[in-house]
Amino acid sequence: MQLVGDNGRGLAAAVFYAVCSSSMAFLNKAVMNSYEFPFPFFIMACQMLVTVLFLEMLGSLGKLSLPSYTWKSARSFLAPSMGYAFHATLSLMALQGSMSLQHCHLQVICPYCSGHKLGMNIPMYGAVKRCTPLVNLILAVVILRRPFPSFTLIVSVLTITIGCFVAVLGDLTFDGFAYTMGGLSVLAQGLYLTLVQQCAESQRSTWEILQLNSYNTLAPFIIMSVLVREPENIVKSKYISDIGFHVVFWVLVSMGSVLNYSLFLCTALNSALTTSLVAVAKSVIQTLVGLFVFGGIKFHPLNTAGIVMNTLGGFMYTYTKYQEKREDKRQKTEDENFNEVRVGFHPLSLQGTPDKSGEHSLNDIKVS
């Protein structure tokens, strides 16, 4: 894992992703709950369309050079794209939760929608998403053939995961459907981040990855939006003519496009594990802010203890990865210095050592 790339590019990419990602959960919650706009497929289709148009505009202006989108390139990036599509949709559905039947527009694919729950609150959403490093660690070993992590790292990840389950037991606003969607989104996120890292290691640029992902997921999002009858219900939306809603909605769509770029950039310059680590760090901020906005959270001893365990595990994870990175860098520096010493002094040692081969030959001649 590379935490800091050349000239700090890796660190800058991580911070960029953290800032973008931190704002998205609140924007999603605002649009889907505060403005009663529970149409996840339409939102994602708009984000992909804006991204595609932006990339094409940069290409036509000569600011960006990308290979043509072909069926062959589309197939090569199909698995990461589908993982991304599932993650994005499931995350939105987790925040939305199981709306009442009269408001739910996902009945075609969601037979469990009942009651008036409004999805996971922000702190619990952040806690569940912090389980992603566990998935990434497993997939890194299985798919990327990485060595097993250290004992301390495993303990930190298990602390995060156990804290999540403890917090769930104390969530007084528990929504089974929302938690199921949130758990599945964690699996999908871990999968596509690992696959994106694999593609980045094959020398694909961040812009090319963004292009392939946007084109690959645009059509599926549009098709699903039509199948669950989102367009016909959007025109009946309560806030469809509200200027404030349109401002927040298009900020959400634009930030979604920027988030996708920052995510792929962070994964390409660092790793899937680093990207999930950044998500762990930013979720702490989400948790603190989420305690007081969008309805906050009803406190319970188990809930509080779980979030604390979850957060401490995140810090332990961060510290462990930082120490491992420092040790790897120190070892690499020592190896480079050792090689430089060998290369630098070997010629001098040859020059400074008398050549006794000729002396031996003269002695041999003299003796004979």
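Student: In what order do the elements of the protein run from the N terminus on?

Tutor: This is a predicted model, in which local features need pLDDT of at least 70, side-chain atom pairs count only at pLDDT 80 or more, and totals for chains, interfaces and linings use all residues. Residues are numbered from 1 along each chain as its sequence is written, and side-chain values use heavy atoms, with hydrogens and water left out. Helices (H or I, at least four residues) and strands (E, at least two) are DSSP runs, numbered from the N terminus. Here the order is α-α-α-α-α-α-α-α-α-α-α-α-α-α. That gives 14 helices and zero strands.

Student: How do I read burial, and what percentage of the residues count as buried?

Tutor: Buried means under 20% relative accessible area, exposed over 50%, and partly exposed in between (1.4 Å probe, protein chains only). Of the 368 residues of this protein, 49% count as buried. Accessible areas come from the Shrake-Rupley method with a 1.4 Å probe, and for residues only the protein chains shown count as cover. The accessible surface of the protein is about 18700 Å², and carbon and sulfur atoms hold 67% of that surface.

Student: How many disulfides does a search of the whole structure find?

Tutor: A disulfide is a covalent bond between the sulfur atoms of two cysteines. The search takes a pair of cysteine sulfur atoms within 2.5 Å as a disulfide, and it finds zero in the whole structure. As for burial, Cys-199 has 10% relative accessibility and so counts as buried. Cys-266 is at 0%, so Cys-266 is buried too.

Student: What share of the contacts with a separation of 6 or more comes from residues 24 or more positions apart?

Tutor: Contact means heavy atoms within 4.5 Å. In this protein the share is 85%.

Student: How is a pair of packed helices described?

Tutor: By the angle between their axes and the distance between the axes. Axes are lines fitted to C-alpha atoms, for helices over the stretch in contact, and angles run from 0 to 180 degrees between N-to-C directions. Angles under 35 degrees count as roughly parallel, over 145 as roughly antiparallel, 65 to 115 as roughly perpendicular and the rest as oblique. Take helix α1 (residues 9–34) and α11: their axes are 8 Å apart, at an angle of about 150 degrees. Therefore α1 is roughly antiparallel to α11.

Student: At what angle do the axes of α9 and α11 cross?

Tutor: At roughly 130 degrees, where helix α9 (residues 206–227) and helix α11 (residues 243–269) have axes that come within 9 Å. So α9 is oblique to α11. On the α9 side the contact is made by Thr-206, Trp-207, Ile-209, Leu-210 and Asn-213; on the α11 side, by Asn-260, Tyr-261, Phe-264, Leu-265 and Ala-268.

Student: Which handedness does the crossing of α1 and α11 have, left-handed or right-handed?

Tutor: A crossing is left-handed if the near helix is turned anticlockwise from the far one by less than a right angle, and right-handed if clockwise. The α1 and α11 crossing is left-handed, while α9 passes α11 in a right-handed crossing.

Student: Where is Glu-36 found?

Tutor: Glu-36 sits in the loop between α1 and α2 (40–60). Although not a glycine, Glu-36 has a positive phi of about 50 degrees. Its relative accessible area is 35%, so Glu-36 is partly exposed. Leaving aside neighbours within four places in sequence, Ser-237 is in contact with Glu-36 and Phe-37. Ser-237 itself lies in the loop between α10 (230–234) and α11, and at 9% relative accessibility it counts as buried.
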